[in-house]
Each structure stands twice: as structure tokens, then as C-alpha cells.
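Q: I would like to learn how to read the features of a structural model, one at a time. Could we walk through one together?

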Amino acid sequence: MAMAQAKLDATDARLATLSLPTGGWAEAARRDALTRVQATGLPGRRDEYWKYTRPDMLTAATAAEAAIFDADEAPVFGEVDQLKLVFVDGVFDAAASDDLALDHVRIERLAEAGSADIHWARDLYGTLEIAGQTPVVRPLAALNTAFATDGVLIHVTGAAPKPIALVYHHSDPKSDVMLHHVIRMDAGAELTLLESGPVAARCNMVMEIDVADSAAFNHVRVQGRDHERQAATHIFARLGQESRFKSFTMTANGVMTRNECVIELTGDDASAHVAGACMGDGDFLHDDTVFITHDALNCESRQVFKKVLRNGATGVFQGKILVKAGAQKTDGYQISQSLLLDEDSQFLAKPELEIYADDVACSHGSTSGAIDEDALFYLRARGVPHGIATDLLTLSFLAEAVEEIEDAGLAEEIVTRMEAWLARRRG
Amino acid sequence: MSALDTTNVKEGVDRETVDAVREVGGKYKYGWETEIEMDYAPKGLTPDIVRLISEKNGEPDWMTDWRLAAYDRWLQMEEPDWAMVDYPEIDFQDQYYYARPKSMAEKPKSLDDVDPKLLETYKKLGIPLKEQMILAGVEGAEAAPAEGRKVAVDAVFDSVSVGTTFQKELKAAGVIFCSISEAIRDHPELVKKYLGSVVPVSDNFYATLNSAVFSDGSFVYVPPGVRCPMELSTYFRINAENTGQFERTLIIADKGSYVSYLEGCTAPMRDTSQLHAAVVEIIIEEDAEVKYSTVQNWYPGDENGKGGIYNFVTKRADCRGDRAKVMWTQVETGSAVTWKYPSCILRGDDSQGEFYSIAITNHHQQADTGTKMVHLGKRTKSRIVSKGISAGVAQNTYRGLVSMHPKAKESRNYTQCDSLLIGDKCGAHTVPYIEVKNNSSRVEHEATTSKVDDDQMFYCRQRGMDEEEAVALIVNGFAKEVLQALPMEFAMEAQQLVAISLEGSVG
């Protein structure tokens, strides 16, 4: 079917503001991605995959301004021993970053390494993103592959001795940023990747992760608290035999966030866990869109998403487990829950299962409701003030998602942020 | 044997199933064709055909205009393609939109005037039409024996309503139960007021097509405070080749009334596919209650996916008054392709909607079915229990919507969708949409997908059952919650169908 004129116009307007980086090993992939964006058009309001989230802010020709939020607390993961890479409005800040040297890890920047003709990332850049475009197109990711200005290329050959932290600062209220990271985990490699910060007024981020056999990838992300920031992020991961993938995202504030996570389990006995906890107040839309494909034997996947919403905030969850024919002994689990703290907030969910193999155990659950009055009464009867009791119950609601973080120290850090967020809003 | 012969459902369950499997030996039981001369309108769809259908039914001008408006609208619409079903493109101009048995050219005065061949057809289908008629005619209501509950039947043979039994007794209670074409003639004020008020003419492609060409169907009006003295039933049957059946059902339960409505469907075996696009509208006023039960057993096509019915149905109930209640129960075992979402609009405060469904697909069948629960009123409640069973190379999808509007305070929904896979070449899918726009409502959704449990199979096999018997027994257990929600007569038939549908799915 021909693309609607409105969509065509919007896509053209957006593309007119961008210029395709040329030269180097990534050029072919960039050109191909641009062709794909032109073929599908950017997401429109009538697309089924954007049923609950209006993509306008993310596709507009220019980004809406976002005021800089003065962080009133210590930097996230500040106490963790890490190798830090700092980006300010999407531009690498070498002075604020650590030396890019770590045992068993090779770290490069897309902007620098991109000029060479031959590079290991060539086989991956845009490749996993293309694989993730079927059966549903994700034009914002293709746009990113075409136009990303920078990002990190990480090749992990063994167990990384400490986490790599990507810290994103936001200093220009009009900044509009596209970053594209590629991570290659060799067989048996291990890495923990931390991400934190608002990135920019508007950011479009893609991360492609190839996890080879028996490798383990851990990811903990805290999206920045700037109220007006807009973000569209994509994680594309391919998992080999007996590999492990874990990703957790905490989001507080932000007028628009769409986090997509596309995982394909291609080797037997692999496991993928994706979790998210989000807290929204007022003008806030948070969308978690997850697509997990089981294409091997005896794999496990788990999706745990919790949303706390108040003052008209909106939470969206679209999760899918696709079990291909032959992917026997699959164990797929998915839960999405929202806690609506007042009458104006809303939760919109589409948890899907698509299953073509019979010897599987797949389930999903989704609930939505207010705080449990009985539990509240119990705490109040024991002398806990109303505000604190509500916070305690809210934290316990979020706990199931936080438990997906393997490292106790990192989990503690997340809980501290959650407590602070709740305390600031306590009446 | 009529299902009425057995009264105790619970004890008879498994025995019946096993008997049924043995009896039919994997053939579609209702796959014969009655040879009766038919009257066709020419193939294809034009305004003239719409006028012809309207004229044949002796309809007033306002009805003809209504149809023509729907036809115009239909021309501008596109066939929906979002369902997880895949079938060759339908040529809507290669269908007959009207067919009726020739002997019906003049309407029979009573059932005795009906072509005996037709009555034979119903007998084969197991509808106790004749006996029911005698019961009603001779002894009246009070003489009905205890073991058989009374059912008034409105049988639709291809496009024409053949006979409506029990008219007298229903009339005494004030219930109007007739074909929709009679209702248009005799009760135009009711039809004008309600037709298209739940499923608007422009609702969707198939509903609009139906609005233009529906040839007959049933009409029920239950006056205020009346509890309909018997269960009402319509039996649809597509007999003629290349005939689309487009029936239209309109049920109105006025304040404080109650009615239980049963619908059954079969079609003869053919190797070309046939189209069926029905619309059912139910209006439920204050304190009224409607139960609508369907056993859908249209011809599913053969083992290789040849032939079968395309079943594209729009069913919707509107709980307009406070405390109105509706319950949909469906057993979907037939059709090559099913596209069906019986829905509830819970408009009145404290109104309730329930949806119980078993959908079984085997061989090349595809089903995309589910429900919509739209909560608009305060303290409205809904419950969805869906059991999908997929075997062979079939695809079975549950697709549903639960929507809590901002004003639907303190409402409640519980959804459970379970899928069972038999064999490694079939598919089972769940596509729920959940929209919660206030915080005093609670919504819970659960779904599971699994296969027939090895331990259960082993247990049954050890006790001497063969594999097919064992599967039928386990599946009946899996679907029990829904089977129990069916009226007794249907529960028996449904259990037999479960077993028949799964024939050839194991081994």
C-alpha cells in the first residue's frame, strides 16, 4: 500500500534536517538504512505499533526544547568502580572520561574508528538492527543507523574486570542526538554496562549487542530526570548458546520515552531477562516495547515491567514472546503491572504471545490498579504515617523488577534513587 | 439421538465424548446436502441485488433505503487484514447473495406445510423441531416433561426463516420471537429504533456488507419484567453452493427481563469455500439479562484445507441500563477461517459482561477470536475465560480488548486465556489489549500456553484408553469452565464436538 501523504511529508521533513556521514566501513550500512527509512517512512500516529504512543515528538523535524534539570543528588553509580565514558549532548568529552583501556576489552568510538575501511564492527553495525525489523518495522532505529554521529564500539574477549559506564550529560536545551553503540561479546566473555543521564533534549539511541556462546552481558540503565526530555532507544541483541543477557532500566520523569528491546535467542540453553521500573508524574509517557524471539531449544526469557504513575502520567507496555517452530522446551514469562496513584493516570498494555512449538511453557500476566487499601490500613494501624506507608508499598511493588539486577550494589543504588524520587513527592 | 435424552451433564461428560469419537470416525457429521430446488438471485452484488433482496422479503421503503446506504458505504471500505488469518482473496462478486428453497416461495402456514425434506434435514441435525412443535401444539406449556427443557426454534435454511415453533406460548408471555423479515413487517417501530444501534451500518467491512444484503435472521423482543418461558434457539445452515449467508439477529431485552438464546450452525461439505458474515445485536435495558450461547460447527474444510466456511461475524451486546447483564458463551469448532469478537459495551452502572469461549482448530483451520469489554459505567464488571486448542497445522489466536474508561470508576475485569497445543506444527497466539484509564478499577489478565500433559496422557493410556480418547478427555477437562457455562442441551453437543474436532490430531 502506498504510504500516506502525511507520513511521507513528515519523513521528508525530518530527513531534510540530516546529512548522511560518508566514507569508511559503515557507509554501505548507512546508505542501506536510509533507503529503508525512505521505504517505510517514519512511524505515524496510525501505525498499529504506535497505537498507544504518539510518535510525533520523536519524528518531528526539529526537537522540542528541554530545560536542563539541575541534579540535586550525587551522580548515579558514582561510587561504583568503573571505566567512565562521558558524552555531553552526544559529543564525547575526553577530558571527563577515563582512559579507554581495560583488560580483555577494546573500546573505540564510532566517530573515530568509522573512517577506516576495515573494522570488526562492520559485520554488526546495522546487521542486528535489520534482523529486528521483521516482522515489525522500527524506522527510528534505521534512521539512527543511517545518521548516528557517534557511539562506542566495544569488543570484549574475556571477563571485563570492571563495569563500563556511559554517562550522558545534557547541556544544550535544543540538543538533538543520535548515538549508535555496537558491542561484541566473544565466547565466554563477560561485561557489565552502565548507562546514566538524560543524553539530550531529544535522543535516538541504538545499541546492537552480539552475545556469543557462553558469554554474559549485564546492562543497568538509569534514564535522566529532565522533565521535558524525549528519548527513543532500541536494544538489539542476538544470543548464542548458553549465553546470558540481562537488562534493567529505571526511568523517572521525561515527557516521552520509548524503550524498545528486541532479542533473538539463537543458541540452545540461552537466557534473556529484560526488566524495567518507571515512575512518572504529570506530563509523562513511558513506553516499553519488547520483542523476544525464541529460535533455539531450551531457552528461557523473562520480562518484568513495573510502572508507578501519578498526576495524569501514562504508561505503555507492548511485549511479545514469539516462539518459532522447533524452539521446544521454551520457558517464556512476562509480567507487566502498573500502580495508578490517582484517578488521572493511565496504563495501556498489549502483552502478546505467538507460539508455534508445542512443548513450551509460556505465560504472561498484566494487572493494573490502585494501592492496596488493606495493606495501607495495616501499616497505618501500626503507626506508619500515610505518606511513608504509601512509599513503602510503592517500593515493594517496584521490587520485583529491581530484583532482576544481579549485582546487589547496583540494585541498592537503584532503590536509593527510587526512595529519593518518592520522598520528593511526599505530601 | 437428541442431546435432550441425557439429563445429567456432569456424569455423562466423558462417556459421551468417547462414544462420539467412536461413532463418527473422523468424518464431518453434518456434511450432507439436502436436495431441494433453490431459488437464486443472480451472482454478484449490485444495488439491484440489494433491492431484490429487500423486495423478496417484502420490505418497506425505509428498509430498502437503509440497505442501499449500507451498500454505498461498503463500496468505500477495505477488507480488514489485521487478524492472524490467511486466506485467498475473496471475490465478493462471485457469490450468491440470496437463495431460498423453492417450496418457500409461498410461506407455509404452519410447520406441517414445510417441505418434509427440510424437516428431515433438521432431524439429522438433531434439532428437536417436530417434537417440540407437537409438545407446544397439543399439551401447551405446562405439559412439558421434566427431562427436556423447552426450546423454541427459529430455523434459518440458507436465507429464509423456515418456521418458528412455540409462537403461541411466547405470545402469551408477550415475547416476540420471529424472523427479522417478519419483524420488519410487523414491528417496524422496534426494528427502526434498535436496528444498527449497537453495530452501526459503518461499523466494519463485514458488518456493513451484512447490513446491505442480510436476507433473514431472528428477532427477539422480551417486554419489561418478563422472564422468557423457554430458551430460544436459531439453527443456521448453509445448504446451497456458493451462497453467502448473511443473517441478522436483533435481540432486545427490555427492563427487568430475561432471555437465553441458543445458536447453532452447520454447513454441508464442499470443496470451495463459502462466506458467512452475520451480525448479532443485543440491547439490554435496566436490570435485564441475556445469555447468548453459540455452538459453531460450520464445515471446516477437509484435512488438506480445501473448502470450508469463512466465518466473519460481528456480535455485540449493549448493556444500556443499570445492572444489565450479558453472557456470551461460544464453542467454535468449525469454519476454515473464523473472525469473531462477541463484545460487551457496559454502559449502565453496575452492568456485567461475561465471555466464555472454547475455540478448537485442527488441520488447516484458522481462528482469530476473542472479545471486547468496554467499561463505561461505574462499578461495571467483566470476566473473560478463553480456551484455545490448536492441533494439526492450525492457527488459533485470542484477540481481546479490555477498556476501562475514565468514568468507569471501581470497575473490575478478570481475564484468563489458556492455550493448548497438540502437535508441533500448529500455533497458539494471544493478543490482548488492555487500556486502564482510572485507578479505582482493577484489571487482571493471565494467559498460559502449554501442551497436553505427559503425565495425564500416561495416566489415561495406562487405564486402557487409546491416544485419541485420552486427548479428548484431557481437552474436555481443559475446557470444563466454559462447557459448564453452556445451557445443558448445548453442553452435550459441545462435548461431542470437542472430540470430533480433534479427530486425527494425534498419532
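Predicted model: local features only at pLDDT ≥ 70, side-chain atom pairs only at ≥ 80, totals over all residues.

A: Gladly! Residues are numbered from 1 along each chain as its sequence is written, and chains are lettered from A and ligands numbered from 1 in the order in which they are written.

Q: In what sense do β20(A) and strand β24 of chain B pair, and over how many bridges?

A: Two strands pair if DSSP finds at least two bridges between them. Here β20(A) and β24(B) (residues 442-451) run in the antiparallel sense, with seven bridges.

Q: How many residues does each chain bring to the contact?

A: Two residues are in contact if their C-beta atoms, placed from the backbone, lie within 7 Å. Chain A brings 32 residues and chain B brings 30 residues. On the chain A side, β19 (346-355) and β20 (361-369) each supply at least two residues, and β19(A) has the largest share, ten residues. By type, the chain A side holds 15 nonpolar, nine polar and eight charged residues; nonpolar means Ala, Val, Leu, Ile, Met, Phe, Trp, Tyr, Cys and Pro, charged means Asp, Glu, Lys and Arg, and the others, Gly among them, are polar.

Q: How much of chain B counts as buried?

A: A residue is buried if 20 or more other C-beta atoms lie within 10 Å of its own, exposed if 12 or fewer, and partly exposed in between, with C-beta atoms placed from the backbone. For chain B, 57% of its 507 residues count as buried. Chain B has 13 helices and 24 strands.

Q: Which residues touch the most other members of the largest nonpolar core?

A: A nonpolar core is a set of buried Ala, Val, Leu, Ile, Met, Phe, Trp, Tyr and Cys residues joined through C-beta atoms within 7 Å. In the largest one, with 248 residues, they are B:V220, B:I282, B:I284 and B:V290. Helix α13 (residues 488-501) of chain B gives the most to this core, eight residues. Leaving out residues up to four places away in sequence, B:V290 touches several residues, including B:I251, B:Y261 and B:V326.

Q: Which residues of α3(B) are buried, and which are exposed?

A: The buried residues of α3(B) are B:W66, B:R67, B:A70, B:Y71 and B:W74. They lie on the same side of α3(B) because they cover an arc of only 140° around the axis, the arc being that of the directions from the helix axis to the C-beta atoms. This buried set packs against α2 (47-56) and α9 (205-213) of chain B. On the other side of α3(B), B:D61, B:W62, B:D65 and B:L75 are exposed.

Q: Where is B:Q365 placed, and is it buried or exposed?

A: B:Q365 sits in the loop between β17 (352-361) and β18 (366-369) of chain B. It is buried, because 29 other C-beta atoms lie within 10 Å. Not counting residues up to four places away in sequence, B:Q365 touches B:P300, B:S335, B:A336 and B:A394.

Definitions and conventions. Helix = DSSP H or I, 4+ residues; strand = E, 2+ residues; numbered from the N terminus.
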